[in-house]
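Here is a short briefing to read alongside your model. Take a look at the structure first, then follow the notes below.

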Amino acid sequence: MNKTNRLDTLRLMLRRSSFAKQSDIVRELRAAGFACSQATLSGDLRRLQATRVRTRAGYKYVLPEDKGYERVVQPRTLPDYVQQTGIESVNFAEPLVVLHTRLGYAPGIAADLKAQKLDCVAGIVADADTIFVARADDADRQEFLEQLSGSIPALKTIML
């Protein structure tokens, strides 16, 4: 896997999870399929301008909050780690698709879906572990499902 994918994965990991130590991040990157040393991670954290800050719960790595820093990642460039998003089940309640996720995953997944600006989606609402995706009036069901699974490839295996 290439450096761009590793950096995209690291960026999303830091936004979605809390890491106190670099060794924890290295372990998570390795589990995601990236052969990464602590030295490589240190360089990546510098490139991303991540810093280690003290919170009430202890230390954690954070990314800059500057809106200009954020970037939308195209789904086709994401490694399996990001695409296996924690979605546990999918239910259909026409014209909605209800995605059940691991606790805390839904807001991030919903934000990723919204960033894709899919033609077939009328709207997306999420809480801590559930996402409601409404199909646009002019989109047929098959097109809707194809666009969703194109944005979140993990859906293909769940919807079969």
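Arg11 and Asp8 sit three residues apart in helix α1 (residues 3-16), so about one helical turn separates them. Their side chains meet in a salt bridge (2.8 Å, N to O), and both residues are buried. Please keep in mind that this is a predicted model.

**Salt bridges**
- The structure holds six salt bridges.
- In helix α2 (residues 22-31), Arg27 and Asp24 lie three residues apart, about one turn of the helix, and their side chains form a salt bridge (3.1 Å, N to O).
- Arg27 counts as exposed because its relative accessibility is 52%, over the 50% cut-off.
- Helix α3 (residues 38-47) holds Arg47 and Asp44, again three residues apart, about one turn of the helix; a salt bridge joins their side chains (3.1 Å, N to O).
- Asp44 is buried at 0% relative accessibility, whereas Arg47 is partly exposed at 47%.
- Arg6, Asp44 and Arg47 belong to one network, joined by salt bridges that share partners.

**Surface charge**
- A patch of negative charge on the surface gathers Asp119, Asp137, Asp138, Asp140, Glu143 and Glu146.
- Asp138 is found in the loop between β6 (130-135) and α6 (141-151), and this residue is exposed, with a relative accessible area of 70%.

**Overall picture**
- The protein has seven helices and six strands, running α-α-α-β-β-α-β-β-α-β-β-α-α from the N terminus.
- Of the 160 residues, 42% are buried.
- The protein exposes about 9,200 Å², and carbon and sulfur atoms supply 49% of that area.

Methods: Residues numbered from 1 in each chain as written. Predicted model: local features only at pLDDT ≥ 70, side-chain atom pairs only at ≥ 80, totals over all residues. Heavy atoms only, no water. Helix = DSSP H or I, 4+ residues; strand = E, 2+ residues; numbered from the N terminus. Buried < 20%, exposed > 50% of the residue type's maximum accessible area, 1.4 Å probe, protein only. Areas by Shrake-Rupley, 256 points an atom, 1.4 Å probe, with all protein chains shown as cover. Patch = residues over 30% accessible without salt bridge, like charges linked within 9 Å, V, L, I, M, F, W, Y side chains within 5 Å. Salt bridge = Lys/Arg side-chain N within 4 Å of Asp/Glu carboxyl O. Lys, Arg positive; Asp, Glu negative; His and termini not counted. Charge placed at Lys NZ, Arg CZ, Asp CG, Glu CD.
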